[in-house]
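Colleague: Let's go through this model term by term. I want the cut-off behind every label.

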Amino acid sequence: MKKHIAFHTPLLNLTRYNIKIIFGNKFLYFALSAIGFFLLTVVITLFSDDEITTASGYNMLLVPSILFIFYPTCFGIQNDQDAKIIEIIFGIPNYRYKIWLFRLFIAYLICFALTLGLAALTDWLVVDVQPLELTLQVLVPALFIGMLSFMLSTMIRNGNGTAVLLIVAGMILFAVNGILGVNKWNVFLNPFNVPLDKNPEIFYNTLFYNRLFILFSAGIFLLVGLYKMQNREKFI
């Protein structure tokens, strides 16, 4: 029993410390802003004349989930520099890869938990949905945006610069969302909004390749970001 506790204590301390670093003590503000945006969207949806469906729930959760992951992936490296631990991370061979993979795992685990909570709230207050399925679908574009943000942060190495570039990229993606419509290249394709004028089989086939494209792109962004971290001199 003592060995079991002794193993978990360092892991919990490491997790707590990295949460403090990657969120830069600003996690509460971003969580509240995401929840505030969600509540605002709920109110607007309830007072609109449009039919409320699971597709509506997806749209309500999309931006909050991205906000949950926005700060740790944009400002994580800058927070390392501000906390004066960047040299330690690069001083131990391959430590930077392990620590950042661990941090990204923690960030997405927190994002998943909070999004699942909002999905459950959506199911309770707004419309009948499957909270787990809705959460997993929402996290797909959030994974794309988060990995893109991580990659950009390793190139720019400045949180504010990364945030500006990511906001511009996000606005472009949202703008082309309506233009692309049901398209495998549409990052924000709503998996629950099946067009009435299209064959459902064709739609779900497009959705499959869309999710495959997003996950593949997110993997590439992660690998490029880790590769960019090889150049120690640019970060110190």
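Modeller: Start with the elements: helices (H or I, at least four residues) and strands (E, at least two) are DSSP runs, numbered from the N terminus. The model is predicted, with local features needing pLDDT of at least 70 and side-chain atom pairs pLDDT 80 or more, while totals for chains, interfaces and linings use all residues. Residues are numbered from 1 along each chain as its sequence is written, and side-chain values use heavy atoms, with hydrogens and water left out.

Colleague: Where is Val-129, by that scheme?

Modeller: Val-129 is in the loop between α5 (95-125) and α6.

Colleague: How many helices and strands does the protein have?

Modeller: The count is 8 helices and 0 strands. From the N terminus the order reads α-α-α-α-α-α-α-α.

Colleague: What makes Val-129 buried?

Modeller: Its relative accessibility is 7%. Buried means under 20% relative accessible area, exposed over 50%, partly exposed in between (1.4 Å probe, protein chains only). So Val-129 counts as buried. Across the protein, buried residues make up 44% of the 236 residues.

Colleague: Which residues does Val-129 touch, leaving out those up to four places away in sequence?

Modeller: Thr-54, Ala-119, Asp-123 and Leu-134. Contact means heavy atoms within 4.5 Å.

Colleague: What share of the contacts with a separation of 6 or more joins residues 24 or more positions apart?

Modeller: 73%.

Colleague: Why is Asn-186 called buried?

Modeller: Asn-186 has 1% relative accessibility, so it falls in the buried class. This residue is in the loop between α7 and α8. Beyond four places in sequence, Asn-186 touches Asn-177, Leu-180, Gly-181 and Asn-210. Pro-141 is 45 residues away along the chain, and its C-alpha is 9.8 Å from that of Asn-186.

Colleague: Is Leu-67 buried or partly exposed?

Modeller: Partly exposed, at 23% relative accessibility. Leu-67 belongs to helix α3. Ser-56 is also placed in α3, residues 54-82, but at 14% Ser-56 counts as buried. Leaving aside neighbours within four places, Leu-67 contacts Phe-30, Ser-33 and Ala-34, while Ser-56 touches Thr-45 and Glu-51.

Colleague: On to packing. What describes two packed helices?

Modeller: The angle between their axes and the distance between the axes. Axes here are lines fitted to C-alpha atoms, for helices over the stretch in contact, and angles run from 0 to 180 degrees between N-to-C directions.

Colleague: How do the axes of α6 and α8 lie?

Modeller: Helix α6 (residues 131-156) and helix α8 (residues 200-228) have axes that come within 8 Å and cross at roughly 25°. That makes α6 roughly parallel to α8. The cut-offs: under 35 degrees is roughly parallel, over 145 roughly antiparallel, 65 to 115 roughly perpendicular, and the rest oblique. The crossing is left-handed: the near helix is turned anticlockwise from the far one by less than a right angle, where clockwise would be right-handed.

Colleague: Which residue classes make up the contact of α6 with α8?

Modeller: 16 nonpolar, 4 polar and 2 charged residues. Ala, Val, Leu, Ile, Met, Phe, Trp, Tyr, Cys and Pro count as nonpolar, Asp, Glu, Lys and Arg as charged, and the others, Gly among them, as polar. Residues in the contact include Phe-144 and Met-147 from α6, and Phe-221 and Leu-222 from α8.

Colleague: And how do α6 and α7 pack?

Modeller: At about 140°, with axes 9 Å apart; α7 covers residues 159-180. The crossing of α6 and α7 is right-handed. Its residues divide into 8 nonpolar, 4 polar and no charged.

Colleague: Why is the pair of Phe-144 and Phe-221 called edge-to-face?

Modeller: Rings of Phe, Tyr and Trp (its six-membered ring) pair if their centres lie within 6.5 Å; planes under 30 degrees apart are stacked, over 60 edge-to-face, the rest tilted. Here the centres are 5.3 Å apart and the planes at 70°, so the pair is edge-to-face. Phe-144 lies in α6 and Phe-221 in α8, so the pair ties together parts 77 residues apart in sequence. Phe-144 counts as buried at 7%, and Phe-221 as buried at 15%.

Colleague: How many aromatic pairs does the structure hold?

Modeller: 7. Another edge-to-face pair is Phe-208 with Tyr-209, at 5.3 Å centre to centre and 80° between the planes. Tyr-209 has 41% relative accessibility, so it counts as partly exposed.
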